[in-house]
Amino acid sequence: DVPRLDYTNSSCPSILVEPQRTNVITNSNNFTSTYWADDGTTTRTPNSGISPDGTQNAIKITSNGGYNYRILPALSAGTYTYSIYVKASAAVNINIAINDIGGSGGTTKNIAVTTNWQRFNITKNITLGTFVVIDYSALQSGFDFYMYGAQFELSSYPTSYIPTVAS
């Protein structure tokens, strides 16, 4: 019964009002091989950086030009948004993507990652199939970046991060 406050646009808070949503990604901040697969060209080191929530639970990705992906169930046909927090040790570009298995193909977005935490998102209309692949891929080798808080929700825009553990 306590309202959430949003400081996004000023130092004076406003009440955060947003619709109820579900993050389809279980273990939304666990980017280990148990949950994310890769092409064998990246090294993932959990708990290597301070995340936007102020704790040491961001994962460090050391890239050799590869990609990592996760297969998720689409709850139903509709518009989905994938969002994730990313920062790098030096400015770099990476791609994030949503691919509809057996459906209408994929959507990829090139993002410019800086040394500050930023939340990026990509939206796709899922028309067919029961599973979706979300991924991130490095465009260059030999750099580090950090990730935190993956979210995949049935919506045309991202809501506040919804952390998940087992469900």
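Is Arg 44 buried or exposed, and what is its relative accessible area? I looked this up first: Arg 44 is buried, with a relative accessible area of 17%. For my own reference, buried stands for under 20% relative accessible area, exposed for over 50%, and partly exposed for what falls in between, using a 1.4 Å probe and protein chains only.

**Ground rules**

I am working on a predicted model, where local features need pLDDT of at least 70, side-chain atom pairs count only at pLDDT 80 or more, and totals for chains, interfaces and linings use all residues. Residues are numbered from 1 along each chain as its sequence is written, and side-chain values use heavy atoms, with hydrogens and water left out.

**Salt bridges**

I then turned to charged pairs. My criterion was a side-chain nitrogen of Lys or Arg within 4 Å of a carboxyl oxygen of Asp or Glu. By this rule I get three salt bridges.

Arg 44 has Asp 38 as its salt-bridge partner, with the closest N and O atoms 2.7 Å apart. Asp 38 counts as partly exposed, at 25% relative accessibility.

Next I checked Lys 60, whose side chain meets that of Asp 144 in a salt bridge at 3.6 Å, N to O. Lys 60 sits in strand E5 (residues 56-64) and Asp 144 in strand E12, so this pair ties together parts that are 84 residues apart in sequence. The strand labels I use are DSSP runs of E with at least two residues, numbered from the N terminus. I noted Lys 60 as partly exposed, with a relative accessible area of 24%.

Then came Arg 21 and Glu 153, whose side chains form a salt bridge at 3.8 Å, N to O. Arg 21 lies in the loop between E2 and E3, and Glu 153 belongs to strand E12 (residues 141-154), so the pair links parts 132 residues apart in sequence. Glu 153 is buried, and its relative accessible area comes out at 0%.

**Backbone check**

Asn 27 is in the loop between strand E2 (14-15) and strand E3 (37-38). I have Asn 27 down as buried, with a relative accessible area of 16%.

I looked at Asn 47 as well: it has a positive phi of about 55° and is not a glycine. Asn 47 lies in strand E4, residues 42-50. My entry for Asn 47 reads partly exposed, with a relative accessible area of 46%.

Note on methods: Helix = DSSP H or I, 4+ residues; strand = E, 2+ residues; numbered from the N terminus.
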